[in-house]
Amino acid sequence: MTSITFHSADGRIDGFVVEGHSGYAEAGSDIVCAAISAAVGLTECAINEVLGLGAPVKASEKNARISLKLPAKLDEANEYACQTLLAGLLVYLQAMGEQYPDYLTVLLDDEDEKE
């Protein structure tokens, strides 16, 4: 199963971690993993290549893990763009989770709720 955790603090999504293989099908034929990978890749590319923000990305093919962390201080336009991209990714993956509940789970880790 793939687990996707979005991290949030101060009313802002500040990153995500994707871990594991969905197990929907064999590698190379797994449409769930492919859809997750494409959506995450597009989001990362938009943040780092299009907007040029240099958000740190850590990836481990061995551990089937990728994470992205937004820079703490962004100007208003880039903050809005990143929040739109990350909210879109969250909604898309939640919809996939409803469609394929045995293969992926989406969590929101809200630091504000822990206080």
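Reader: In which loop does Ala64 lie?

Author: Ala64 lies in the loop between β3 and β4. Please keep in mind that this is a predicted model.

Reader: Is Ala64 buried or exposed?

Author: A residue counts as buried when its relative accessible area is under 20%. Ala64 has a value of 14%, and therefore Ala64 is buried.

Reader: What is the phi of Ala64?

Author: The phi of Ala64 is near 50°, which is a positive value in a residue other than glycine. The setting is a hairpin formed by β3 and β4, with four residues between the two strands and Ala64 in the turn.

Reader: How do strands such as these hold to one another in a sheet?

Author: In general, the strands of a sheet pair through backbone hydrogen bonds, and they do so in either a parallel or an antiparallel manner. In this structure, β3 and β4 run antiparallel and are joined by four bridges.

Reader: With how many bridges do β2 and β4 pair?

Author: β2 and β4 pair over five bridges, in the antiparallel sense. Here Phe16 stands opposite Leu68 in β4.

Reader: In which sense do β1 and β5 run?

Author: Strand β1, residues 2-9, runs parallel to β5, and seven bridges join the two. His7, for instance, stands opposite Asp109 in β5.

Reader: What is the order of the strands in the sheet?

Author: The order is β3-β4-β2-β1-β5, in an open sheet of five strands with mixed pairing. The edge strands, β3 (57-60) and β5 (104-110), each pair on one side only. From one strand to the next, the twist averages 10°.

Reader: Which strands does helix α1 lie across?

Author: Helix α1, residues 31-50, lies across β1, β2, β3, β4 and β5, and runs at about 30° to β4. Helix α2, residues 76-99, also packs on the sheet. Helix α2 touches β1, β2 and β5, and its direction makes about 45° with that of β2.

Reader: Which residues is Glu79 in contact with, leaving aside its neighbours within four places in sequence?

Author: With those neighbours left aside, Glu79 is in contact with Arg12 and Leu74. Glu79 has its place in helix α2. Its relative accessible area is 17%, so Glu79 is buried.

Reader: Is Asp10 buried or exposed?

Author: A residue counts as exposed when its relative accessible area is over 50%. Asp10 stands at 71%, and therefore counts as exposed. Its place is in the loop between β1 and β2. The phi of Asp10 is near 55°, a positive value in a residue other than glycine.

Reader: How does one find the empty space in a structure?

Author: Rolling a probe the size of a water molecule over the atoms shows where empty space is left. In this model, the largest pocket has a volume of about 340 Å³.

Reader: Which residues of the lining lie nearest the centre of the largest pocket?

Author: Val18, Ser37, Ala64, Arg65 and Ile66 lie nearest the centre, among 17 lining residues.

Reader: Which element gives the most to the lining of the largest pocket?

Author: Helix α1 gives the most, with six residues. β2, α1, β3 and β4 each supply at least two residues. By class, the lining has seven nonpolar, six polar and four charged residues.

Note on methods
Residues numbered from 1 in each chain as written. Predicted model: local features only at pLDDT ≥ 70, side-chain atom pairs only at ≥ 80, totals over all residues. Heavy atoms only, no water. Pairing = 2+ DSSP bridges. Axes fitted to C-alpha atoms, helices over the stretch in contact; angles between N-to-C directions. Contact = heavy atoms within 4.5 Å. 1 Å grid on protein atoms, 1.4 Å probe; cavity = no way out; pocket = protein on both sides within 12 Å on 5 of 7 lines; lining within 4 Å. Points joined across faces, edges and corners; volume = space filled by probe spheres on them. Nonpolar A, V, L, I, M, F, W, Y, C, P; charged D, E, K, R; others polar. Buried < 20%, exposed > 50% of the residue type's maximum accessible area, 1.4 Å probe, protein only.
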